Each structure stands twice: as C-alpha cells, then as structure tokens.
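Subject: Handover of the structure and findings

Dear colleague,

Please find below the structure that I am handing over to you, followed by an account of what was found in it.

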Amino acid sequence: MIPALWISKTGLDAQQTNISVTSNNLANASTVGFKKSRAIFEDLLYQKINQPGGRSSADGYLPEGLMIGAGAKVVATQKQFGQGDVETTDNSFDLMIQGRGFFEIQLPDGTTAYTRNGQFTKNEEGTIVNSDGFPLLPQMQVPENATSLTVGRDGQVSVAIGNSSVSQDLGQITVTDFINPSGLEPIGDNLFLETTASGAPQQGIGGQDGMGSIRQSMLETSNVKVTEELVNLITAQRVYEMNSKVLTTVDNMMGSLIQSV
C-alpha cells in the first residue's frame, strides 16, 4: 500500500479536529467569559531509511538523512485566556475581572469550580449565585431590605439598608489564579476545574499581587475574534482539500498501475 494514503488520512483527521475546535469557538462568540481554544499539531513518527550523519563511505558522512514522515495529529486543544472586551450593563450583580484570575463557584457536590463569567444574581434566600444557581464563594446573603449593592475593585461587598445611608458589609469576593490556567479542565457551563497541570489555586485580593481587579456592572465578553476564526476555518478547509487531493492522486496512480498489470 502506498504510504501517502495513510499520511493524507492523518491530515484529514487532524483538520477535522481543527475545524471542530474552530466551530466551537464561533458557536461561543457571544458567550460571556468564554475563552477560545486552538488545536496544537505534531508530526508523527518518521521512517528512517538513511540516518543523518551515517557513513556514506570510509571517509564521509551523510549530511542529510532520508526519512519519510507518517503524517500529523492533534495532540492538544489549548485555551487562550486573553482578556475579552468589556460590556457595560445596568445590573449591579454583573461583575468582571479585569486582568488575571477567576471567580470561585461551589458545585452541588461541594467541588469548587472556577469561572470568568460574572453574570450573578440572588436566589430565593438572597444568596449570590450564578445563572445555574450555584453559589459564589465565599457565600454571601443579601438582606431582604437591601436597596443597593456595591462591589469595590478589591472585591469588598456592601449593601445599603432601607432608606438610611447606613451600609452593611457582606464580605470579600476573592480572586483565584493559577500558574497555568491553560491546564484547567473545562466542564461546560462556563466552568473550569483544577487539575495537576493547572497547579494549585492561589487566592488573592482584587488588584493586589498581580490579581485582576473586580469591576461592577460590567461583563467580559468572549475573547473570540470572529474574523480571525473565519480565516482559520478557510485555512483548515483548504488544507483538508489538499489532503483529499492527495488521496485522489494516489488513487489514480494505483488505478493506472492496476490497469497496466
């Protein structure tokens, strides 16, 4: 069997994965706090026919070898945690992190998840929760008679009570960062989980020690650039077509060989 058939097949598989990654980015172009991904490619093992540096004669060495590659594969999908654009809202529960860091969310099983999506609200008990009803950590309860909510850039939360000018502190929203955010595991619902690759979570105060500051009544939009993703999609499509052309060419070569036998 001609090796080019299997080589081009790996190229087709790799580009199918690449197109899937790109399509997921485009599908989430309007998702608040979404971070785009990119496919990481590697070439496969090589068939070494002549080793570089091998002897060509008693007194000489081969300056280049003769090695035939086996194709390509996608080895990883890397999250890009660049800052998204800013969207201003009229909701005092909308928060964004300007800079590095994540909000902490408590899942129903007690696990801590992390998110860049700051679309928060309060549930029937007054607890600040995300759109799925999972509480923000540390948990805070807004009193029934609270008339306004204020969140400082350092994450300090306070509310105004009734018609008086008296304010009540509810707590401190911490910002959590990781040495390698790209190592976090995305689980959907705009949430990430800690992994060995991400490193341990490091909690801090917004605007201090390299942590991002918290901005109220603002949201971080998706960092997907639609035009850039469309260019990537066109590139992947053309590479896919070229690999398909290789299959057609090899098929024609084999057809000519079979007819001549």
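Strand β18 (residues 185–188) and strand β19 (residues 191–193) run antiparallel and are joined by three bridges. Helices (H or I, at least four residues) and strands (E, at least two) are DSSP runs, numbered from the N terminus, and two strands are said to pair if DSSP finds at least two bridges between them. The model is a predicted one, in which local features need pLDDT of at least 70 and side-chain atom pairs count only at pLDDT 80 or more, while totals for chains, interfaces and linings use all residues. Residues are numbered from 1 along each chain as its sequence is written, and side-chain values use heavy atoms, with hydrogens and water left out.

Within this pair, Gly188 stands opposite Leu191 of β19. The two strands form a hairpin with two residues between them, and Asp189 in the turn has a positive phi of about 55 degrees.

A second hairpin is made by β9 and β10. Four bridges join β9 to strand β10 (residues 112–115), and the two run antiparallel. Phe103 has Thr115 in β10 as its bridge partner. Five residues lie between these strands, and Gly110 in this hairpin takes a positive phi near 90 degrees.

**The nonpolar cores**

A nonpolar core is a set of buried Ala, Val, Leu, Ile, Met, Phe, Trp, Tyr and Cys residues joined through side-chain atoms within 4.5 Å. Buried means under 20% relative accessible area, exposed over 50%, and partly exposed in between (1.4 Å probe, protein chains only).

The largest nonpolar core has 25 residues, of which Phe103, Leu149 and Ile173 touch the most other members. Two or more residues of this core come from each of β8 (95–98), β9 (103–106), β14 (146–151), β15 (156–161) and β19. The largest share, three residues, is that of β15. Apart from this core lies another, of five residues, including Phe102, Phe178, Leu184 and Phe192.

Ile173 has contacts (heavy atoms within 4.5 Å) with residues that include Leu95, Phe103, Leu136, Pro138, Val157 and Ile214, not counting residues up to four places away in sequence. Pro138 is found in the loop between β13 (136–137) and β14, and the peptide bond from Leu137 to Pro138 is cis, with omega near -10 degrees.

**Cavity and pocket**

Rolling a probe the size of a water molecule over the atoms shows where empty space is left. On a 1 Å grid over the protein atoms alone, a cavity is a set of points where a 1.4 Å probe fits but cannot get out, and a pocket is an open set with protein on both sides within 12 Å along at least five of seven lines; lining residues have an atom within 4 Å of a point. Grid points are joined across faces, edges and corners, and a volume is the space filled by probe spheres set on the points.

The structure holds one cavity of 30 Å³ or more. The largest cavity has a volume of about 50 Å³, and its lining consists of Phe93, Leu95, Ile128, Leu136, Leu149, Val151, Val157 and Ile173. That lining divides into eight nonpolar residues, no polar and no charged. Here Ala, Val, Leu, Ile, Met, Phe, Trp, Tyr, Cys and Pro count as nonpolar, Asp, Glu, Lys and Arg as charged, and the others, Gly among them, as polar.

The largest pocket has a volume of about 200 Å³. It is lined by 17 residues, and the closest to its centre are Asn18, Thr22, Arg38, Ala39 and Asn232. At least two lining residues are supplied by each of α1 (3–27), β1 (37–43) and α2 (226–260), with the largest share, six residues, coming from α2. The lining of this pocket comprises five nonpolar, eight polar and four charged residues.

**Individual loop residues**

Ser182 lies in the loop between β17 (175–177) and β18. This residue is partly exposed, with a relative accessible area of 29%. Leaving aside neighbours within four places in sequence, Ser182 is in contact with Gln78, Lys79 and Phe81.

Asp209, in the loop between β20 (202–204) and β21 (213–216), has a positive phi of about 55 degrees although it is not a glycine. Asp209 is exposed, at 78% relative accessible area. Ser217, in the loop between β21 and β22 (218–220), has a positive phi of about 60 degrees and is likewise not a glycine. Ser217 counts as buried, at 18% relative accessibility.

Yours sincerely
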